[in-house]
Amino acid sequence: MEVGYRTVAEWEGLVGEQVRNARIAKEFDQKRLSQVANVSVGAISSLERGSGSSLKTLVAVIRALDRTDWLESLAPSPSISPLQALRAKEGLPRKRVRVRRSKPASP
């Protein structure tokens with residue numbers, strides 16, 4: 001299956017699996033992770049099962065697992081800001097020129 005065609009439930013399951021793997025790699029049980037993330041054990045369990053979770057819980061857990069790189073990958077910094085692009089474009093010659101029409105001479 002192509003990544004772009006996953007359902008929401010499939011994405012939730014994949015994220016839950018990634019969280020579980022990261023928790024185990026850090027040698028945390030669910031109780032310890034819940035303490036570090038300041039969320040309930042039920043929230044951790046629900047997140048790992050992919051059965052729904054709040055964004056706040058997800059972010060808290062990701063921070064507790066020291067995996068904020070996951071969040072950074074969702075919103076990468078642009079290589080050039082839109083303002084820089086506009087300023088660079090201002091230095092280019094204009095592509096369109098408006099021709100002024102002169103008023104017809106009065107008789």
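Trainee: What covers the buried residues of α1?
Mentor: The cover includes α2, α3 (41–49), α4 and α5 (68–74). Helices here are DSSP runs of H or I, at least four residues, numbered from the N terminus. Covering rests on contact, meaning heavy atoms within 4.5 Å. This is a predicted model: local features need pLDDT of at least 70, side-chain atom pairs count only at pLDDT 80 or more, and totals for chains, interfaces and linings use all residues. Residues are numbered from 1 along each chain as its sequence is written, and side-chain values use heavy atoms, with hydrogens and water left out.

Trainee: Which residues of α1 are buried?
Mentor: Gly16, Val19, Ala22 and Arg23. Buried means under 20% relative accessible area, with exposed over 50% and partly exposed in between (1.4 Å probe, protein chains only).

Trainee: Where do they sit around the axis?
Mentor: On the same side of α1, because they cover an arc of only 125° around the axis. The arc is taken from the directions from the helix axis to the C-beta atoms.

Trainee: What span should α1 have?
Mentor: Helix α1 (residues 8–25) has 18 residues and should span 26 Å at 1.5 Å a residue. The expected span is 1.5 Å times one less than the number of residues. The end C-alpha atoms of α1 are 26 Å apart, which agrees.

Trainee: And just after α1, which residue takes a positive phi?
Mentor: Glutamate 27, at about 60°.

Trainee: On to α2. Which residues are buried there?
Mentor: Leu33, Ser34 and Ala37. They fall within an arc of 100° seen down the axis of α2, so they line one face of the helix. Their cover includes α1, α3 and α4.

Trainee: How do α2 and α4 cross?
Mentor: The axes of α2 (residues 30–37) and α4 (residues 55–64) come within 9 Å and cross at roughly 105°. That makes α2 roughly perpendicular to α4. The cut-offs are 65 to 115 degrees for roughly perpendicular, under 35 for roughly parallel, over 145 for roughly antiparallel, and oblique for the rest.

Trainee: Which residues meet there?
Mentor: Leu33, Val36 and Ala37 in α2 meet Ala60, Val61 and Ala64 in α4. The contact has 6 nonpolar residues, no polar and no charged.

Trainee: Last one. How many helices and strands in the protein?
Mentor: There are 6 helices and 0 strands. Buried residues make up 21% of the 107 residues.

How values were computed: Axes fitted to C-alpha atoms, helices over the stretch in contact; angles between N-to-C directions. Helix = DSSP H or I, 4+ residues; strand = E, 2+ residues; numbered from the N terminus. Nonpolar A, V, L, I, M, F, W, Y, C, P; charged D, E, K, R; others polar.
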